Amino acid sequence: MSGPPSEATLLVLDAEPLPRLGTLTGRVRIEHADESTLAERLPSADVLLVWDFTSHAVRRAWPGEGPRPRWVHTASAGVDHLMCPELAASDTVVTNARGVFDQPIAEYVAALVLAMAKDLPRTWDLQRQREWRHRESQRVAGTRACVVGSGPIGRAIAQTLKALGIRTALVGRTPRTGIHGPDDLDRLMARADWVVSAAPLTEATHGMFDARRFGMMQPSARFINVGRGQLVVEEALAEALSKRWIAGAALDVFEHEPLGPESPLWEVPGLIVSPHMSGDTVGWRDELGAQFLELFERWQAGRPLPNVVDKQRGYVPGH
């Protein structure tokens, strides 16, 4: 691949609010596209910033053998929304927003663990009903957690849960020091009080949390998904909760988003629903924009880029 042109064209797949790219003014030709214009403008772009990371437009618009961007950056941790066979087979570099969401998501998971252990949802319900009902809550220190996904987000979750005194096992694609492999997952899930899904979406992980796996969990266990919605067979989780195979669950991501008001998931007993917000703390968009600007400076200078995604695996390897 040849080096960056003297005046690169940056194409932004827009979402509101737009990214702050002021430092590139006068140095870069910046163009904007939405789902209806992306296919037309992609061939003339050197760089594509997928600011609208909820869109699947890149999959549909990516050119085959013709001109295409040399580098694609998505302002998200996951890349399944943009990956297609043509992009995977091309020499285009793909990077993601690894590092921005790690600690916020870990804090969110810890908050869910504490909320469920201390029965806070019921406390708020009883308060609204003006009902004084004394209960006992669960101590989290000494419980066991199985965190599935050994990337930066999974590692941050494991570290944060350990700080609460939770004995935490981390499961990744391949076993290595401090990380269990897939062969250990069933055994670890069967003894865990908390099962946390933070894995990337790949062919191997699609639907991995199904009726069989929910059936092997302890009746007192809780399940949390902050990875990708398609990791979970939602009907199986709903059944597990309705039949009290497990004690509770929390979903921050879903197979289809946004979750429509007609979805039965809103009414599943013991399920906490949140609108894909676990990593979105105050100022998160500014962090994403600053990260891209830093990467762009490296790319324009011809320096190696961090956060390069293995397009066959669907995530940044080696972490």
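The legends below describe close-up views of a predicted model. Local features were taken only where pLDDT is at least 70 and side-chain atom pairs only at pLDDT 80 or more, whereas totals for chains, interfaces and linings use all residues. Residues are numbered from 1 along each chain as its sequence is written, and side-chain values use heavy atoms, with hydrogens and water left out.

**View 1. The largest nonpolar core and the surroundings of isoleucine 157**. A nonpolar core is a set of buried Ala, Val, Leu, Ile, Met, Phe, Trp, Tyr and Cys residues joined through side-chain atoms within 4.5 Å, where buried means under 20% relative accessible area, exposed over 50%, and partly exposed in between (1.4 Å probe, protein chains only). The largest such core has 46 residues, and those with the most contacts inside it are Leu10, Val109, Ile157, Leu161, Ile224 and Phe296. At least two residues of this core come from each of β1, β3, α4 (102–117), β6 (144–148), α6 (152–163), β8 (194–197) and α10. Leaving aside its neighbours within four places in sequence, isoleucine 157 is in contact with Ile105, Ala106, Val109, Val147, Val196, Ala198 and Val226.

**View 2. The crossing of helices α4 and α6**. Two packed helices are described by the angle between their axes and the distance between the axes. For α4 and α6, the axes come within 8 Å and cross at roughly 45°. α4 is therefore oblique to α6, given that angles under 35 degrees count as roughly parallel, over 145 as roughly antiparallel, 65 to 115 as roughly perpendicular and the rest as oblique. On the α4 side the residues that meet α6 are Asp102, Gln103, Ile105, Ala106, Val109, Ala110 and Val113, and their partners in α6 are Pro152, Ile153, Ala156, Ile157, Thr160 and Leu161.

**View 3. Strand β9 and the buried residues of helix α9**. From β9 (residues 222–225), Arg222 and Ile224 point one way and Phe223 and Asn225 the other way, and all are buried. β8 and β9 run parallel and are joined by four bridges, with valine 195 standing opposite phenylalanine 223 in β9. In helix α9 (residues 234–242), the buried residues are Glu234, Ala236, Leu237, Ala238, Ala240 and Leu241, and they pack against α8 (211–216), β9, β10 and β11. Just after α9, arginine 244 takes a positive phi of about 60°.

**View 4. Cis peptide bonds and positive phi values in loops**. Most residues other than glycine have a negative phi, and most peptide bonds are trans. The bond from glutamate 16 to proline 17 is cis, with omega near -10°, and proline 17 is found in the loop between β1 and β2. Glutamate 257 and proline 258 are also joined by a cis peptide bond, with omega about -5°, and proline 258 lies in the loop between β10 (248–251) and β11 (271–273). Aspartate 119, in the loop between α4 and α5 (120–128), has a positive phi near 60°. Arginine 130, placed in the loop between α5 and β6, has a positive phi of about 55° although it is not a glycine; with 81% relative accessibility, arginine 130 counts as exposed.

Methods:
Contact = heavy atoms within 4.5 Å. Axes fitted to C-alpha atoms, helices over the stretch in contact; angles between N-to-C directions. Pairing = 2+ DSSP bridges.
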